[in-house]
Amino acid sequence: MPAPRAIILAGGQGTRLRPLTLARAKPVVPLLNRPFLAYQVALLAHHGIADIVLSCSYRVDDVRAALGDARAPGLTLTYVVEKEPLGTGGGVRYALEQTGGGSGLVLVLNGDVLTDADLGAMRAFHDAMHSRTTIFLTRVPDPRPYGLVETEADGRLRRFREKPAAEEEVTTDTINAGIYLIDADLVARLPADRPASIEREFFPALIADGVPCFGFTEPAYWRDIGSPAAYHLAQVDLLDGRVRSPLSPPGSPRDGSWLADGARATGARLEAPSVLGPRVLVESGAHVGPHAVIGESSRIGARARVVNAVLWERVHVGAESVLRDCVIAADVRIGAHAEVGAGVVLAAGAVVPDHARLSRP
């Protein structure tokens, strides 16, 4: 069977991820110094899916600029730009229309999910069940923040439920993981003249009409990176090897950490697992790690300490400052003897004075 085409829904504005997305598109925020979408593209390529459409509507130039290193031999990336946001369902229909439409199988992937889902096993299940739409479902300890997906014993979809308001309304621990296999012919059911939701409109209508629709549930890593806390945890999970990804951080491994070209940490302590991007300078006496990710051309001052923190590009950390459990966007300047504590998220270009103390309320 030919591999399906893939559509990545990469048009979200990332409002929950602010302030990190004020100056960068959510689909290309860095994870271990690679744009997030590079992990999705690598997952698709790993499963033999080479025809990939990126459905975009917000800060499209960011996406184009960042994905240069996500290309691989035999891989085709096509950009489809919505004139106005069309929602998850409208985005799928528009992307197909703009790339020739046609029949066959389409794999749709939400552009904010880090996963190592076995797409090959999902395809095999889809074919074996003679399904026309299959949704990857994941089990979570607390499904209340999510919409629930109920299935029959054989996996046939029974019902979608909105986020439960109370504990007694939780009927299952399976939720929609944002990965779909859809017969392209069905996409014509989506409205062409307005935004539409694939979760709240398309799938429930298919179930109501008796179209064979199934949920595929298999253990896999899965995380929605849509909030700063979840985004930070995704980096830790990658560093700890909880995600099976074909991608590694840029650079070469060294004693459990990764150092890119031009990174220097002479006279400093680098504690694994950590990542130093290209041309990072860690000055003498500084301590970086564990779980530190330092972006390109950043500088960590003498005797500073950076622990369990994510720093984007060109961040300067003053001498004897301490950064712990925080996320720092690009071009931030942190003065000497400052402290940036747990849960703090700094927008691009922020300036922290000498001796300042920042903590999350």
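**View 1. Phe 136 and Phe 216 are two buried residues of this predicted model.** Buried means under 20% relative accessible area, exposed means over 50%, and partly exposed lies in between (1.4 Å probe, protein chains only). The two rings form an edge-to-face aromatic pair, with 5.4 Å centre to centre and 80 degrees between the planes. Rings of Phe, Tyr and Trp (its six-membered ring) pair if their centres lie within 6.5 Å; planes under 30 degrees apart count as stacked, over 60 as edge-to-face and the rest as tilted. Phe 136 belongs to strand S8 (residues 133-139) and Phe 216 to strand S12 (residues 213-217), so the pair ties together parts that are 80 residues apart in sequence. Helices (H or I, at least four residues) and strands (E, at least two) are DSSP runs, numbered from the N terminus. Ring pairs also link Phe 125, Phe 136, Phe 214 and Phe 216 into a cluster. In the whole structure, a search finds seven aromatic pairs.

Two sentences on conventions apply to every view. Residues are numbered from 1 along each chain as its sequence is written. Local features need pLDDT of at least 70, side-chain atom pairs count only at pLDDT 80 or more, and totals for chains, interfaces and linings use all residues, while side-chain values use heavy atoms, with hydrogens and water left out.

**View 2. Seven strands form an open sheet with mixed pairing.** The order of the strands is S14-S15-S17-S20-S23-S26-S29. At the edges are strand S14 (252-254) and strand S29 (345-346), each of which pairs on one side only. Two strands pair if DSSP finds at least two bridges between them. Strands of a sheet pair through backbone hydrogen bonds, either parallel or antiparallel.

**View 3. Strands S17 and S20 run parallel.** Three bridges join S17 (residues 274-276) to S20 (residues 292-294). Val 275 has Val 293 in S20 as its bridge partner. A cis peptide bond leads from Ala 272 to Pro 273, with omega near -5 degrees, and Pro 273 lies in the loop between strand S16 (269-270) and S17. Gly 289 and Pro 290 are also joined by a cis peptide bond, with omega about 0 degrees. Pro 290 is placed in the loop between strand S19 (287-288) and S20.

**View 4. Arg 279 and His 355 are residues other than glycine with positive phi.** For Arg 279, phi is near 60 degrees, and the residue sits in the loop between S17 and strand S18 (281-282). Arg 279 is partly exposed, at a relative accessible area of 48%. For His 355, phi is near 65 degrees. This histidine, His 355, is found in the loop between strand S30 (351-352) and strand S31 (357-358). His 355 is exposed, at a relative accessible area of 51%.

**View 5. The largest pocket has a volume of about 1300 Å³.** On a 1 Å grid over the protein atoms alone, a pocket is an open set of points where a 1.4 Å probe fits, with protein on both sides within 12 Å along at least five of seven lines; lining residues have an atom within 4 Å of a point. Of the 43 lining residues, Thr 88, Asn 110, Asp 112, Glu 199 and Arg 200 lie nearest the centre of the pocket. Strand S11 (174-183) is among the elements that each supply at least two lining residues, and S11 gives the largest share, five residues.

How values were computed
Points joined across faces, edges and corners; volume = space filled by probe spheres on them.
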